[in-house]
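Here is a friendly briefing to read alongside the model. Have the sequence and the 3D view open, and follow the topics one by one.

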Amino acid sequence: MDKRRLTPKQVALFGILGALTFAAKLALSPLPNIEPVSLMVMLFAVTFGLKCLYPIYVYVVMEYLVFGFHLWSINYLYVWTVLALIALLLRKQDSPLLWAVVSGGFGLLFGALCAPVYLFTGGPAFALTWWLSGIPFDLMHGAGNFVIALLLFQPGRKLLEKLYRPFLTP
């Protein structure tokens with residue numbers, strides 16, 4: 001069997017996980033910049049390898065379908081992939097503190113990662129003011145990501161690896 005091909009079971013699993021990620025984000029949406037998406041992206045990367053892109057982009061498409069297309073839509077095409085690639089590089093690491101730092105750092109840098117879109121659409125001054133005005137939210141985002149990953153990365157990893165094992169065979 002070609003390991004690169006998706007089995008029907010994997011298609012179903014990745015669809016469900018992408019939808020679950022979207023639902024979890026909506027559930028936490030009353031809290032400013034506290035979101036489970038970063039945790040889920042890291043968990044998908046360490047568990048599924050490059051196949052992590054399937055549930056990530058199911059989530060992204062759901063965002064587009066519910067909230068429409070705006071400038072932030074462009075950001076979502078690459079920011080989650082950046083985090084997934086970082087997690088792929090670190091996937092052998094077990095330290096909960098390391099994963100918390102990665103997730104927290106990503107949250108702190110989220111505005112900076114999104115700023116290039118605003119650079120191209122509004123110019124340097126617009127990108128800089130957009131990023132600077134969002135720093136308080138990036139601080140909350142980083143702190144929330146840090147705590148969520150510190151508490152949930154290890155148990156989430158064990159659970160996802162256990163659940164994924166049956167999906168490896170056709």
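Phenylalanine 44 touches Leu17, Thr21, Gly49, Cys52, Pro55, Ile56 and Leu160, leaving aside residues up to four places away in sequence; contact here means heavy atoms within 4.5 Å. This is a predicted model, where local features need pLDDT of at least 70 and side-chain atom pairs count only at pLDDT 80 or more, while totals for chains, interfaces and linings use all residues. Residues are numbered from 1 along each chain as its sequence is written, and side-chain values use heavy atoms, with hydrogens and water left out.

**The nonpolar core**
- Phe44 is also among the residues with the most contacts inside the largest nonpolar core, together with Met42, Phe48, Tyr76 and Trp80; this core has 39 residues.
- The elements that give two or more residues to this core are H1 (8–28), H2 (37–48), H3 (53–67), H5 (79–89), H6 (96–122) and H8 (135–164).
- H2 gives the most, with 10 residues.
- A nonpolar core is a set of buried Ala, Val, Leu, Ile, Met, Phe, Trp, Tyr and Cys residues joined through side-chain atoms within 4.5 Å.
- Buried means under 20% relative accessible area, exposed over 50%, and partly exposed in between (1.4 Å probe, protein chains only).
- Helices (H or I, at least four residues) and strands (E, at least two) are DSSP runs, numbered from the N terminus.

**Helix pairs**
- The axes of H2 and H3 come within 9 Å and cross at roughly 150°, so H2 and H3 are roughly antiparallel to each other.
- Val37, Val41, Phe44 and Phe48 of H2 meet Pro55, Ile56 and Tyr59 of H3, a contact with 7 nonpolar, no polar and no charged residues.
- The axes of H7 (residues 124–133) and H8 come within 5 Å and cross at roughly 50°, so this pair is oblique.
- Trp131, Leu132 and Ser133 of H7 meet Ile135, Pro136 and Asp138 of H8; these divide into 4 nonpolar, 1 polar and 1 charged.
- Axes are lines fitted to C-alpha atoms, for helices over the stretch in contact, with angles from 0 to 180 degrees between N-to-C directions.
- Angles under 35 degrees count as roughly parallel, over 145 as roughly antiparallel, 65 to 115 as roughly perpendicular and the rest as oblique.
- Ala, Val, Leu, Ile, Met, Phe, Trp, Tyr, Cys and Pro count as nonpolar, Asp, Glu, Lys and Arg as charged, and the others, Gly among them, as polar.

**Two residues of H8**
- Arg157 lies in H8 and is buried, with a relative accessible area of 8%.
- Among the residues that Arg157 touches are Leu43, Arg91, Asp94 and Trp99.
- Phe137, also in H8, is partly exposed at 43% relative accessible area.
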